[in-house]
Amino acid sequence: MSTSNQTPSDLTQVDVTQIDVAGVKELLTQKKGRMKACLSACAGCSLCAESCFLFMGKDQDPRYMPSFKVINSLGTLYRKRGKLSQAQWEEARELVFKNCALCGRCYCPFGIDIPNMISFARTILREQGLCGIFPHSMGAPDDDYKPPLPAEDEAPQTEDTE
Ligand code: SF4
Ligand code: SF4
């Protein structure tokens, strides 16, 4: 379990000093054989792309392509053995939480289970306190996203001047 003090609602900068790299490696090892086999089996053919409603709904933006999302999140985690840079953690967070709704609709003719791999990447990130809720990943315009408001008892106190 991570000792990270990053909160789930922290959607800004990732503090890499808070990442428990050993914990990340441990999780990666648990599914190493299966996940690495799937990653290396991906032919990059993009046949899965059109089965992703987000890819189609976002003008075929490659950052919403199922294979791109998994290669640049879980793939990076394996390639870097859990030691990602700040930008790589932030990219992985965006790809697996914002750019995928885990709807399970994507289809790979080679049998690669993309949603399962993205789900595993989410688990790893969540263990480090990295996650996000992005309504626009369900198709709403990006402008619709507003950071969550603090709970009432967390609201900043103002001085009573009277
Ligand atoms: S996941 Fe499957 S369909 Fe998509 S690029 Fe890889 S091999 Fe092709
Ligand atoms: S699970 Fe993710 S990648 Fe697959 S179709 Fe749904 S949104 Fe697209």
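Modeller: The model is a predicted one. I begin with ligand 2, whose shell is made up of nine nonpolar, two polar and two charged residues. There are 13 residues around ligand 2, and those that come nearest are Cys-52, Cys-100, Cys-103, Gly-104 and Cys-106.

Between Cys-103 and Cys-106, both in that nearest group, the chain also carries Arg-105, which takes part in a contact with a ring: its charged end sits over the ring of Phe-53, at 4.7 Å from the ring centre. Aromatic pairs, by contrast, number zero in the structure.

Ligand 1 has a shell with no charged residues; nine of its members are nonpolar and three are polar. One stretch of that shell runs through Cys-42, Ala-43, Gly-44, Cys-45, Ser-46, Leu-47 and Cys-48.

Ile-114 leads on to the helix packing, for helix α7 covers residues 114-127. Two packed helices are described by the angle between their axes and the distance between the axes.

The crossing in which α1 passes α7 is right-handed.

Helix α2, residues 32-41, packs on α7 with the axes 11 Å apart and an angle of about 125°. That angle makes α2 oblique to α7. Here the crossing is left-handed.

Helix α6, residues 86-98, has an axis that comes within 10 Å of the α7 axis, the two crossing at roughly 130°. Consequently α6 and α7 are oblique to each other. In passing α7, α6 makes a left-handed crossing.

How values were computed: Residues numbered from 1 in each chain as written. Chains lettered and ligands numbered in written order. Predicted model: local features only at pLDDT ≥ 70, side-chain atom pairs only at ≥ 80, totals over all residues. Heavy atoms only, no water. Near = heavy atom within 4 Å. Nonpolar A, V, L, I, M, F, W, Y, C, P; charged D, E, K, R; others polar. Phe/Tyr/Trp six-rings, centres within 6.5 Å; stacked < 30°, edge-to-face > 60°. Lys NZ or Arg CZ within 6 Å of the ring centre and 35° of its normal. Axes fitted to C-alpha atoms, helices over the stretch in contact; angles between N-to-C directions. Helix = DSSP H or I, 4+ residues; strand = E, 2+ residues; numbered from the N terminus. Left-handed = near helix turned anticlockwise from the far one by under 90°. Parallel < 35°, antiparallel > 145°, perpendicular 65-115°, else oblique.
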